[in-house]
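These are my notebook entries on one structure. I record what I looked up and the rule behind each term.

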Amino acid sequence: MKPRSALLQSHDISKSFGSFIANDKINFNILEGEIHGLLGENGAGKSTFVKMVYGLLEPSMGEFFWNGNPIKIPGPQEARNFGIGMVFQHFSLFPTLTVIENIQLALSETQPLPELRKTIIEKSQEFGIFVDPDTYIRDLSVGEQQRVEILRCLLQNPKLLIMDEPTSVLTPQESQQLFKILKILAKTGCSVLFISHKLKEVKEITQRATILRRGQVVDTVISSEVSTGQLAKMMVGNDPQNVRKKIEHKSTKILVKISGLCRPANTPFSTPLLDINLDVKAGEIVGIAGIAGNGQSELMEVLTGEWRSKDSIDVLDVLGVDIRDYSPHRRRQMGIGFMPEERNGHSAVMNMTLTENTLLTNHNNPEIQKNSIIENNNLENLTSNIIHDYDVRTPIQNPLASSLSGGNLQKFVVGRELIKKPRVFFVAQPTWGVDIGATKFIRNAIIELANEGCGIIVISQDLEELFELADSVSVLFRGKLSERKPVKELNSQKIGLLMGGEDVSFISRGI
Amino acid sequence: MIDALILTILMTSVPLVLAATGELVVERSGVLNLGLEGMMLMGAVSAFAFTYATGSLFIGLLAGIISGAVTAAIFGFFVLGLATNQVATGLALTIFGTGLSGLIGADFVGNAITGLPTLFPKHFGDIPFIGAFLSLDIVAYSSVIIVFLVWVFLFKTKTGLILRASGISHDSAHSLGYSVLKVRWCAVLFGGMMAGLSGAYLPLMLTPHWSEGMTSGRGWIALALVVFASWMPSRIIYGAILFGTITIMQLAGQARGWTIPPQLLSSLPYLATILVLVLISIRGSAKHAAPSNLTIPFISSK
């Protein structure tokens, strides 16, 4: 077999934004017909790199070689002329246009509609992608939308297909289907640049993988010759620290007491909470598992004080105080910390700077606000302490929240709550959509807080997370909380059954 | 009598059709130009001035179109070049156009010109039933053809598809390699030309003289009309005739001493527009939805 030649070579490609270096001398090549992985944590510079390949960003330094010839890619149009197609993480589709119109827009030559319809159907059969050409994009599921994106790229007969975090929006079954398509594609001679931070996937689908860390290439490896552990180590930089062991708590002091909490459903889409009883002792972490939509957000709103009622709750005592009609602000003043599930817009305001976001939860601090005037120096110090202590990586001094990657913003939001050393902490989905390094960091911070005597409720869909963090776990199913079990007596199968509502003893009680 | 009334209604509708069709194209590309009234007034005063000076209606029309485009270019410079807020800039353009047209036109107040001739011989107007439809001028007939051409352009050509795509998601259009700003510039200039032509129609045909602020809110009705038409060209004609009828009824009613307050009648176009907006959101049709990137400035990051 003759050795395959390099299709695209990246030679010393660098990109900086101001003083922040997003890509530092990236060197690697993609062979013809190869599925090449680009692996890295959030913020490692993967997206910046592919945007340069696709002509959306201009490299500050370095060169691309295409089939051995140096090329410039000034824009997406030119990239497509070379045969580079890209499927974006956030799709570049037009929701209120039909599938066929969306495809027509991406083709450089104008084809009459009936002919185009025929070509679309042929291509979709070749690759096993089925979509109705005349439906509107907004009526399709996320997986189907991605298939339209891929189909659209395939119709341009690409030589290189870039897929930016394609599986982040897919169910496991849809991912498998995608991998099939990519394998067929590679057989036809098309190269694929597959961007991901999921180790298993990269090992499963790619032939070689290049690992990026903090804007630099760590190594290019043959995927079948390395273990996921080795990949993780290269990606994170050191052995991903294991989550610390939690100290067995001995305290009997009850910090949170909830009983007889019944919350009626206020919209047709929300879940009523049915007679919830729960207490949390000092130093204890109580985990609440369950599939989304079983009352988690409703329960979180009760804990934060976004929803308040004296009639529907018998007891809601925190630190010995009846807080049933306390506003979130007043609860914070008592030393309760909370972090809702959605970081974009709920726990952080995206188009405010980090300093401003710090102010939002700290304005009652006399250090920060004196006689109704904001003490900017103290506020900036507090913000930089959070950034420093919680390892938040920022592109510039005091950036907008929206310019941080998901993991870094989550570390910031966690840090903003924990730096105040709350005595009680309520948190939902602390590591949802966050990379490995940040996940371990956040979990350790939560455990450390519990070890210092804080009472914590963690609502999460991630069973691994609950096993690592919680002392005991209850499952929320259709608004009803199951009996609490120590984590030692549980395994994921048992919880899984409870999450599906299989436990007969608990269903028959009440509903 | 009825024929005369129909003729007046049709002639009142023409400037609404022209201005609204231009604005429809602008909005389909993702730009909201609230300066319609200002551009129309600039078109009106230029058309009158040039016709008065040269005696040529053709030069007058041309002047109207050009000055509409020039006024739109000022708008384009701000909202596309400098990515300013479209609502604020559009409102400023109306104030600017109203003031400047008043200043330019001050010397022309009280002068008269001969308006556009009818396209067909005068006695065609005596034909029963269809007489009114045969007594119109060339601009009126062209307006229907323009609406048809705009429909063909938007829904049957690739360029039209690109223009609609830019209004739905400029980021996606950009990532596909289309120049969003170029598309929007063309749309804004086209909108300006149509508004200029619409303005020119007022002193050249509707009332053959110039008076300050002579558009008397037609620009705003045309803006409402675009929404009323749910961004579909053909519906602009029905809407314009409906809104034109309401306007004329209001005048006719005043003359005959009807008991319906004229203020109530003049609010009807806007009430109808709100009703259409409600219907759009209830039916949730993708085809008739507002362009989702309307009023959002496009800034390319490089």
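**Entry 1: a single residue**

I began with B:Met194, which counts as buried because it has 32 C-beta neighbours inside 10 Å. The rule I applied calls a residue buried if 20 or more other C-beta atoms lie within 10 Å of its own, exposed if 12 or fewer, and partly exposed in between, with C-beta atoms placed from the backbone. I found B:Met194 in helix 8 of chain B. Helices here are DSSP runs of H or I with at least four residues, strands are runs of E with at least two, and both are numbered from the N terminus.

Which residues does B:Met194 contact, leaving aside its neighbours within four places in sequence? I noted B:Leu18, B:Ala19, B:Thr21 and B:Gly22. Two residues are in contact if their C-beta atoms, placed from the backbone, lie within 7 Å. I also looked up B:Val17: it is 177 residues from B:Met194 in sequence, while the two C-alpha atoms are 9.4 Å apart in space.

**Entry 2: the kind of model**

I must record that this is a predicted model, in which local features need pLDDT of at least 70 and side-chain atom pairs count only at pLDDT 80 or more, whereas totals for chains, interfaces and linings use all residues. Residues are numbered from 1 along each chain as its sequence is written, and chains are lettered from A and ligands numbered from 1 in the order in which they are written.

**Entry 3: chain B as a whole**

I counted 11 helices and zero strands in chain B. Of its 302 residues, 46% are buried. The C-alpha trace spans about 60 × 45 × 35 Å along its principal axes. A compact globule of 302 residues would have a radius of gyration near 19 Å, and chain B, with 19 Å, agrees. That radius is taken over C-alpha atoms, and the globule rule is 2.2 Å times the number of residues to the power 0.38. Among contacts in chain B between residues at least 6 apart in sequence, I noted that 78% join residues at least 24 apart.

**Entry 4: helix 9 of chain B**

I next examined helix 9 of chain B, residues 218-228, where 10 of the 11 residues are buried. Its buried residues include B:Ile221, B:Leu225 and B:Phe228. What covers the buried residues of this helix? The cover includes helix 1 (2-28), helix 2 (36-54), helix 10 (233-256) and helix 11 (262-283) of chain B. After helix 9 of chain B comes B:Ser230, with a positive phi near 45°.

**Entry 5: nonpolar cores**

A nonpolar core is a set of buried Ala, Val, Leu, Ile, Met, Phe, Trp, Tyr and Cys residues joined through C-beta atoms within 7 Å. The largest one has 143 residues, and A:Ile162, A:Val192, B:Ala20 and B:Leu225 have the most contacts inside it. Helix 8 of chain B (residues 180-206) gives the most to this core, with 14 residues. Not counting residues up to four places away in sequence, B:Leu225 touches B:Leu16, B:Ala20, B:Ile236, B:Gly239, B:Ala240 and B:Phe243. Another core, of 68 residues, lies apart from it and includes A:Ile386 and A:Phe412.

**Entry 6: where the chains meet**

How many residues of chain B are in contact with chain A? I found 15, which are in contact with 21 residues of chain A. Helix 6 (158-168) and helix 7 (170-175) of chain B each supply at least two residues of this side of chain B. Helix 6 of chain B gives the most, with five residues. The residues of this side divide into seven nonpolar, five polar and three charged. Here Ala, Val, Leu, Ile, Met, Phe, Trp, Tyr, Cys and Pro count as nonpolar, Asp, Glu, Lys and Arg as charged, and the others, Gly among them, as polar.

**Entry 7: chain A**

In chain A I looked up an open sheet of four strands, with antiparallel pairing and the order 12-11-14-15. Strand 12 (273-281) and strand 15 (321-322) of chain A stand at the edges with a single partner strand each, so one side of each has no neighbour in the sheet. Strands pair if DSSP finds at least two bridges between them; strand 11 (residues 254-263) and strand 12 of chain A have six. A:Ile258 stands opposite A:Leu278 in strand 12 of chain A.
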